[in-house]
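User: Hi! Could you walk me through a few local features of this protein?

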Amino acid sequence: MLQFIVDVINELGFWGLFISLAVEASSVPFPGGLVTLTFGYLLKLTFLEVLLYGFLGSAIYSVFSLIPYGIGYKLEDKLKQKMNKKKIEKAQRWFKKFGVWTIAFARPLGLGNYISYIAGISKVGVWKFQSLTVLGILPWTIGMLWLGSVGNLKSVKKFMEEFQLYIFLILIIVGVVYLFYRKHKKRTSYYQTEPT
């Protein structure tokens, strides 16, 4: 796989980077992070080029993330027909109130592509969605290009896989702690309101 990516980058140049980011943002399973790392590694970019390609790549990613966002936007009515309408509306309100930041935070984790569907279903405004997408993908793109340009490709790839795993585990732990907190809070409020 790595050799194939190297060959494509050598043939397409920076267009290969932009195409890979567009494909990944479209929610097609694709190793966009590996391509970005490899691009930085092969072309030995200067810091100014890292910034330039990072900004351009992030803009392209953001535009193409509108594909899964649009699909999610159109799916809302079908979901309400097949599922409990009130639960979906409650989830949408929660996402709009608290979850919109996951649009930015989930981008580096490989889950970011799928958060676009949720943002669409929840009818997050297009400009807010685009702003948060750029906010989340820009540091990731610049970081991948820079790491690729200064490091050994295999060691950087291993580091990124471990980084994603640790972040994912931290998010799971935070989620479980939050669920226990909510359960405990409900239980204590139940006992406080129970007549004696």
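Predicted model: local features only at pLDDT ≥ 70, side-chain atom pairs only at ≥ 80, totals over all residues.

User: How far apart are the end C-alpha atoms of helix H2, and what span should its 12 residues have?

Analyst: Happy to start there! Helix H2 covers residues 14-25, and at 1.5 Å a residue its 12 residues should span 16 Å.

User: Is Ser27 buried or exposed?

Analyst: Ser27 sits in the loop between H2 and helix H3 (32-43), and just after H2 it takes a positive phi of about 80 degrees. The relative accessible area of Ser27 is 10%. Since buried means under 20%, Ser27 counts as buried.

User: Which residue's side chain makes a polar contact with the side chain of Ser27?

Analyst: Let's begin with what Ser27 touches, leaving out residues up to four places away in sequence: Pro68, Asn113, Tyr114 and Tyr117. For the side chain of Ser27, there is a polar contact at 3.3 Å, and the partner is the side chain of Tyr117.

User: Where is Ala91, and what is its relative accessible area?

Analyst: Ala91 belongs to helix H6, which runs over residues 85-97. Ala91 is partly exposed, because its relative accessible area falls between the 20% and 50% cut-offs. The value for Ala91 is 42%.

User: What is the C-alpha to C-alpha distance between Ala91 and Ser122?

Analyst: Good one to finish on! Along the sequence, Ala91 and Ser122 are 31 residues apart. In space, the C-alpha to C-alpha distance between Ala91 and Ser122 is 7.9 Å.

Note on methods. Residues numbered from 1 in each chain as written. Heavy atoms only, no water. Helix = DSSP H or I, 4+ residues; strand = E, 2+ residues; numbered from the N terminus. Expected span 1.5 Å × (residues − 1). Buried < 20%, exposed > 50% of the residue type's maximum accessible area, 1.4 Å probe, protein only. Polar contact = N/O pair within 3.5 Å; in protein donor to acceptor, adjacent residues only side chain to side chain. Contact = heavy atoms within 4.5 Å.
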